[in-house]
Amino acid sequence: MSRINVDRILEISIALSKEKDPDRLLELILNEALSITNCDAGTLYIKYGDKLKFQIMVTRSMNYSKGGNGEEIPLPPVQMNPKNVCSCAAIEHRLINLPDAYHAEEYDFSGPREYDALIGYKTKSMLVLPMEDDFGDVLGVLQLINAMDDEGNVIPFSKEYEKIMMALSSQVAIYIKKQKYEIEITKLFDSFVYVMSAAVDARSPYNANHTKNMVRLGKNFVNYLNEKQGDWTFSALEERQFLMSIWLHDIGKLVIPLEIMDKSTRLGSCLRCVKHRFEKMELLAELDFVKGKLTKEEYEQKLEEIHNDLEFILHTDAIPFVDSKRAFHIQNIHKKRYLDKDGNWYPYLTFEETKCLMIPKGTLTAEERALMEQHVDITEHLLKRIHFTKQLEKVPVWAPAHHEFLDGSGYPKKKTAEEIDREVRIMTIFDIFEALIATDRPYKKPMSIEKAFCVLNEMVEEGKLDGDILRLFIESRAWEKNEEGDFI
């Protein structure tokens, strides 16, 4: 083997470990194979099921090259038929060296003849090799056409090149297998992430579209930044890491009790007990009236009091805010007592029910909110147990941090601006924005886009959110309709 050929094979080996674009690499390998064997044309096929797909085609004498930039070659795949020489090499796992293709009677060259006539070419000598991996599985075929002497005359392929090309095709097969494994592993991991995220959203009908909506915002916002080509753009790997952080940001909610996740009013599941108690109080009052313990006027006054108190409780249970005056009234109802048929005194409202009804804003008590906030700690704990690749190493850092604020008032770690990456700042804005405009939250009405941005701007003024990112988000209009359809 000449020194030049050794150097070429070494260069191919280096390229196999460095080149990230598989199409460019396969084109490089095919061209190097043409140069080593001093031939005019070649085709690299990839095996898909029972067919060989044209992946790269080069004909130097016609200045023709297809497939190297990922473009599809407009030729039908070759069926795995032993009468086709490239298929035969794959089926029988053997190298085929033909001095004159048109006179090789054991193979059907009617197709190549038609193609040659169409483009004005003449196929003669051929060297066809299966590309086998380390397990002997054929992943494709390397087909070289028309070896030439120093004067440019077409000659048969020298036996000297057979071992060289077999070694080269084996290297290529291992590379293709590695690429397929990486794609399969990536798809497997991505599907796992999607399923876990979908499981979180599916647990609660009030949260069904939250993560998907945030991912859409993320995709649209990244596209805007990349199209803007300003100081901040995302590479494909950076975008993947950022979007995966969004997919997994609420995974900790898998273990938060549903009675808290789904608590749509202040009383939540306690409302049934309150209604049952007030029905019982009505029946007891009626019984006292029947027994003569209450006059008709006293009975009617008692019923009116019970009905008014229950109506006030039901209204308080559902409204967005409870002021001090309403809270005082709830406390007075709590102080009231009724006598049951066994002679025991009980409050109109239990201590826990009273505490729930006095929640100033939202539906969760301080204890329930603390438990709900634990979802970010659980998210961090779960993600730290997953082995993320170097390209995704920020996911377990970014995903649990989406409730941190720049002024240190967020949770769980009360990080300050210097500790919060830009990607997390974006996620925080998205998370608040989506929650404000969401239409699937029974405990509140959705805000308009304009009002939601008023809230976000107020948080910027308070030092909680990044104003520059919010400005870019507003410019991007990432919440509007995109190629995937309307915002859910």
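Me: Rings of Phe, Tyr and Trp (its six-membered ring) count as a pair when their centres lie within 6.5 Å. Which residues do ring pairs link into a cluster?

Reply: Phe221, Phe430, Phe433, Phe453, Phe473 and Trp479. The model is predicted, so local features need pLDDT of at least 70 and side-chain atom pairs pLDDT 80 or more, while totals for chains, interfaces and linings use all residues. Residues are numbered from 1 along each chain as its sequence is written, and side-chain values use heavy atoms, without hydrogens and water.

Me: The structure holds 20 aromatic pairs. Why is the pair of phenylalanine 289 and tyrosine 299 called stacked?

Reply: Their planes are 10° apart, and planes under 30 degrees apart count as stacked, over 60 as edge-to-face and the rest as tilted. The centres are 4.8 Å apart. Phenylalanine 289 lies in helix H9 and tyrosine 299 in helix H10, so the pair ties together parts 10 residues apart in sequence.

Me: Is tyrosine 299 buried or exposed?

Reply: Buried, at 15% relative accessibility, because the cut-off for buried is under 20% relative accessible area, with exposed over 50% and partly exposed in between (1.4 Å probe, protein chains only). Phenylalanine 289, at 31%, is partly exposed.

Me: What makes arginine 422 count as sitting over the ring of tryptophan 232?

Reply: The charged end of arginine 422 is 4.0 Å from the ring centre; the definition asks for NZ of Lys or CZ of Arg within 6 Å of the centre and within 35 degrees of the ring normal. Arginine 113 lies likewise over the face of tyrosine 102, at 4.7 Å from the ring centre.

Definitions and conventions. Helices (H or I, at least four residues) and strands (E, at least two) are DSSP runs, numbered from the N terminus.
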